[in-house]
Amino acid sequence: MLTEAIELESRLSLSTNTIAVAMSGGVDSSTVAAMLCAEGHNIVGLTMQLWNQRRLAGHEGMPEQVTGRCCSLDDVYDARRVAQQIGIPYYVVNHEDRFERDVVRPFVEEYLSGRTPIPCSLCNNHLKFDQLLIVAQQIGAERVATGHYARVSHDEGRGRWLLKRPADLSKDQTYFLFGLTQAQLSRTFFPLGDMTKAQVRELAAKHRLAIAEKPDSQEICFVPGGDYKRFIDAYLSEQGESLPDTAGDLVTTNGEVIGEHSGIHNFTVGQRKGLGVATGSPLYVIQISGANKQVIVGGDEHLYSQSLRAKRVNLISIADVREPMRVAVKIRHRHEPAPAVIERTGDDEILVTFDEPQRAITPGQAAVFYDGDVVVGGGWIT
Amino acid sequence: MHRVYLDNNATTPVLSEVFEAMRPYFAERFGNASSIHHHGQETRAAVEDARESVAKLLGCAASEIVFTSGGTESDNLAIAGAVAAGDHVITSSIEHHAVLHACKHLEKAGCEVTVLPSDGRGLIDPEDVRRALRPNTKMVSVMTANNETGVLQPVEEIGRIAAEAGVIFHTDAVQAAAKIPVDVRQAGCHALSISGHKIHAPQGVGALYVKKGTRLQPLFHGGRHERQRRAGTENVAGIVGLGKAAQLAKEALGRGDENKMSAMRDRLEQGILGQVDDVAVNGQGTPRVPNTTNIRIDHIEGESLVIALDLKGLAVSTGAACSSGAIEPSHVLIAMGLRPDEARASIRFSLGKQTTEADIDFALALVPEAVARLRELSPTYKKQAGSS
C-alpha cells in the first residue's frame with residue numbers, strides 16, 4: 001500500500017509539488033507534517049478555523065472555558081508550534097461561515113427532525129475535503145495530506161480512485177469518509193494509513209514533537225463535553241430562535257400511549273435512559289417520528305431490523321450498483337461490518353438487506369458498504 | 001527566498017539610524033530615568049530629548065507629550081482618561097479596534113456611545129458629529145487616517161465643531177503621523193495618539209499628546225512618571241527610538257519625501273488597475289496618506305491571495321487577524337458599505353520608507369499572475385465571464 005502511494009507520488013514528480021497538510025494540533029496531523037517534511041516534500045501547514053469556541057461559552061449552561069477541542073485556540077497554538085518546530089509556513093484560514101451553514105445548522109435540524117446526525121461526515125464532505133482542497137489549490141498546493149487513518153490508491157484496471165480501510169482497524173475513520181468523490185480522492189492522501197496509533201505516537205516522539213503525548217479528541221469538535229442537547233439549546237438561543245416544540249407522546253410499538261416526552265431531539269434510537277417511564281422490562285427507543293412528535297419505545301427485540309434504505313448514496317470503488325451485490329455494511333462508526341446485499345431501488349436510493357437482523361439502525365447515521373477493506377460507498381440511513 | 005514587505009501599516013522595520021540611536025541604551029546607558037544618580041540623569045536626558053523630538057513632529061510643547069507602550073495604550077488612556085459614567089462619547093465605525101473596544105467598555109461602565117457611520121468613500125461627515133452632540137457629550141474620537149484604506153478624515157472641521165461645543169476631541173493619528181504633516185493646533189485636538197512601530201521605531205512604545213489643561217485619569221497607578229499621567233519605569237531605549245524616528249520623519253516631511261512615496265504607491269496602484277480586470281480602489285478619489293492603497297479584487301478570496309503571495313515572498317494583508325490567526329473581514333470596509341465577500345476580496349498594500357522601486361516592480365510582476373490563477377479556480381468569475 002505504502003509502495004503504491006510512493007510510486008504514485010514519484011509519478012507526480014513530487015519534489016516540485018507543494019502539499020498542504022491539514023493540521024489540527026493533534027498527534028496524527030502533526031506527525032504527518034513532520035514525516036512529509038523529513039521526506040523532503042515542499043509542505044504548507046493549514047488549519048481551518050471552523051467554529052469559534054467562545055461563541056456559546058456561558059450560554060444556557062455551556063462551559064465558559066473551552067480547551068482541547070479541534071479549533072480551540074490551544075489547538076491552533078499547538079499546530080502553529082509544530083509548524084514552527086519543523087520549519088514550514090503555516091496559515092489559519094477562516095471558514096466559519098461555511099461550517100455553520102453546512103455542518104452546524106444541519107446538525108441541529110437533524111436532531112429536531114428526530115434523526116441522529118454525523119457532523120464529522122458532513123465536515124469531511126464540505127470542509128476538509130472540499131473547502132480545504134479549494135484553498136490548497138488556490139495557494140498553489142495540488143494535494144492535501146491529512147492525519148486520517150485510511151488509505152487511498154489508484155486502481156489502474158478500473159480507472160478509479162479507491163478508499164480503503166487502514167492497517168489499524170481500531171482507528172479506522174473510513175466510515176466518515178464515504179462521501180469523498182473521485183476528484184477529491186485524486187488529490188488527497190493519508191500517510192498514516194499503514195501505521196498503527198502506537199507507531200504514530202512513536203514517530204511523533206522521534207521527531208520530538210511537543211504534542212506526542214497529547215490525548216486524542218474523541219467527541220464532536222463543536223460540542224464541548226458531548227452534551228449535544230445543551231448545545232442545541234444554546235445555539236438556538238444565540239440565534240434568537242426558539243426551540244421548536246416537539247413535545248409529544250411516548251408510545252409503545254402497539255400504539256399505546258404510555259407517557260410523554262419533552263422533545264424528540266432528546267432521544268436517539270437504541271436509547272434506554274431518560275425515557276421517564278418504569279415498566280417491568282427494559283424499554284428502548286425504537287423509532288422517532290418527527291411528523292407526529294412521537295417517540296416509539298419497545299423491548300430489545302423491537303430494535304432489530306433486517307433492512308434499511310440509504311439515500312444520497314456516494315459510490316467510490318464502482319460507478320453504479322447495477323445488480324444486487326454482496327458487501328459488508330457498517331451502520332455506525334463502532335460497528336463490525338455486517339454481511340448484506342445492496343441493490344438499487346431508486347435514482348437516489350439503495351436497499352440494504354442484512355443476512356442477520358441488526359440492532360438499532362438509526363436514521364441520520366450513515367450506512368457504509370465494504371468489500372473486504374475497500375470502501376464501495378455509502379449513503380444516509382432514512 | 002527574496003522577500004518584499006508591503007504591509008507597513010501593520011508594522012515597519014526599525015531604521016538603522018533609529019537602531020543606532022537606541023543601541024547605547026541597553027547595556028551602556030541603562031539607568032532608570034527617575035534615579036537621581038549619574039545613570040538616571042543620562043537616561044532622563046535622553047527621554048526628554050526624545051520628548052522634544054516628538055513634540056516638534058506634532059507641533060506641541062514637550063510637556064504635552066506622554067510616553068506609552070503604543071497606540072492601543074494611548075487610545076485607551078485618552079478615552080478612559082477623559083470620560084466618566086454618565087458621559088456621552090461620539091466615535092466612528094471605522095476606528096481601530098483599540099478605540100472601538102475602549103468605547104464599548106465605557107458603555108458597560110455607564111457611558112453612552114454614538115458610533116457614526118462612514119460613507120462609501122470611507123469618510124466621516126463632520127455634520128454627523130455636530131448632529132450627534134448632546135448636552136452630556138464629553139468627547140469626540142475620530143481618527144486622522146484610517147489604517148485599512150489610508151483615507152484622511154476631516155479632522156480640522158471636527159476639531160472646530162468640538163471646540164464650539166466645548167467637547168474634548170481625541171484623534172488616533174497612528175497611521176497619519178510621520179506620513180503627512182500633523183499639527184495638533186491645526187487639528188484643534190485635545191488628545192492625539194501615535195505609535196512607534198508604525199513609524200520605523202520599535203514595537204512597544206508610543207505617545208499621547210494631551211493639550212495643556214486637559215484633565216486625564218491615568219490608566220496605570222504607581223509612580224509619578226509622565227507628570228503623573230502614566231506610571232511605570234520608562235522604556236528608555238524604545239522612547240529614544242521613537243524620538244529618533246520622529247526627528248527623521250520631521251526632516252523627511254521637510255524635504256517633501258512623501259511625494260516620492262505617493263508616486264510609488266500610485267505606480268503600484270495604477271499598475272494593478274491596468275493589468276487586472278474587475279478591480280476597484282476602496283477609498284477611491286479621497287485624500288489618503290501617501291503609502292496606502294486598498295484594492296478590491298472581485299471573484300477571489302483575499303485570504304487565499306495573501307497566502308499565495310506570501311508563499312512567493314510578497315507580504316500584504318487583508319482584513320484583521322483574529323486571535324487564532326484566521327482573518328475576519330475588515331469592519332472598516334463593511335462600514336463603508338462593502339458586502340462581506342467584497343471586503344474579503346480586498347487587499348491592502350502599504351509602503352514604508354525602505355520600499356524601493358524594485359519592490360514595486362516585484363509586486364507588479366507577482367500580483368496580476370496570482371490573481372489570474374485564483375480566478376481560473378473561481379466559479380463566480382467563470383460564471384460572470386461566460387455571461388458577458
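This is a predicted model: local features need pLDDT of at least 70, side-chain atom pairs count only at pLDDT 80 or more; totals for chains, interfaces and linings use all residues.
## Domains of chain A and some of its residues

The domain assignment divides chain A into domain 1 (17-147 + 191-229), domain 2 (248-298) and domain 3 (304-381). Taken over C-alpha atoms, the centres of domain 2 of chain A and domain 3 of chain A are separated by 26 Å.

K293(A), which is found in the loop between β10 (284-289) and β11 (294-298) of chain A, has a positive phi of about 55 degrees although it is not a glycine. This residue is partly exposed, with 17 other C-beta atoms within 10 Å. R326(A), in strand β13 (residues 325-330) of chain A, is exposed, with 11 other C-beta atoms within 10 Å. Between R326(A) and E343(A) there are 9.2 Å in space, C-alpha to C-alpha, for a separation of 17 residues in sequence.

R81(A) belongs to helix α3 of chain A and counts as partly exposed, with 16 C-beta neighbours inside 10 Å. R81(A) and A340(A) are 259 residues apart in sequence, and their C-alpha atoms lie 47 Å apart in space.

## Where the two chains touch

The contact between the chains involves 14 residues of chain A and 14 residues of chain B. On the side of chain A that touches chain B, the elements that give two or more residues are β2 (42-49), α3 (73-86), β3 (90-94) and α5 (119-138) of chain A. The largest share of this side, four residues, comes from β3(A). By class, the side of chain A that touches chain B holds nine nonpolar and five polar residues, with no charged residues.

Strand β7 (residues 191-195) of chain B is mostly covered, five of its five residues being buried. The covering applies to both faces of β7(B), with A191(B), S193(B) and S195(B) buried on one side and L192(B) and I194(B) buried on the other. This arrangement can be read against a general rule: in a regular strand the side chains alternate between the two faces of the sheet.

Two partner strands can be described for β7(B). Strand β6 (residues 168-172) of chain B pairs with β7(B) in the parallel sense over three bridges, and T171(B) stands opposite L192(B) in β7(B). Strand β8 (residues 206-210) of chain B, by contrast, runs antiparallel to β7(B) and is joined to it by five bridges, with A207(B) in β8(B) as the bridge partner of I194(B).

R227(B), in helix α9 (residues 225-228) of chain B, has a phi near 55 degrees, a positive value in a residue other than glycine. With 13 other C-beta atoms within 10 Å, R227(B) is partly exposed.

Helix α10 (residues 236-255) of chain B has 20 residues, which at 1.5 Å a residue should span 28 Å, and its end C-alpha atoms are 29 Å apart, which agrees. Because 14 of the 20 residues of α10(B) are buried, this helix is largely enclosed by the rest of the structure. Just after α10(B), G256(B) takes a positive phi of about 80 degrees.

For helix α11 (residues 257-275) of chain B, the 19 residues should span 27 Å at 1.5 Å a residue, which agrees with the 28 Å between its end C-alpha atoms. M261(B), S262(B), R265(B), L268(B) and I272(B) are buried in α11(B). Seen down the axis of α11(B), its buried residues fall within an arc of 120 degrees, and they therefore line one face of the helix.

Definitions and conventions:
Residues are numbered from 1 along each chain as its sequence is written. Chains are lettered from A and ligands numbered from 1 in the order in which they are written. Domain bounds come from an automatic or database domain assignment. The expected span of a helix is 1.5 Å times one less than its number of residues. A residue is buried if 20 or more other C-beta atoms lie within 10 Å of its own, exposed if 12 or fewer, and partly exposed in between; C-beta atoms are placed from the backbone. The arc is that of the directions from the helix axis to the C-beta atoms. Two residues are in contact if their C-beta atoms, placed from the backbone, lie within 7 Å. Ala, Val, Leu, Ile, Met, Phe, Trp, Tyr, Cys and Pro count as nonpolar, Asp, Glu, Lys and Arg as charged, and the others, Gly among them, as polar. Two strands pair if DSSP finds at least two bridges between them.
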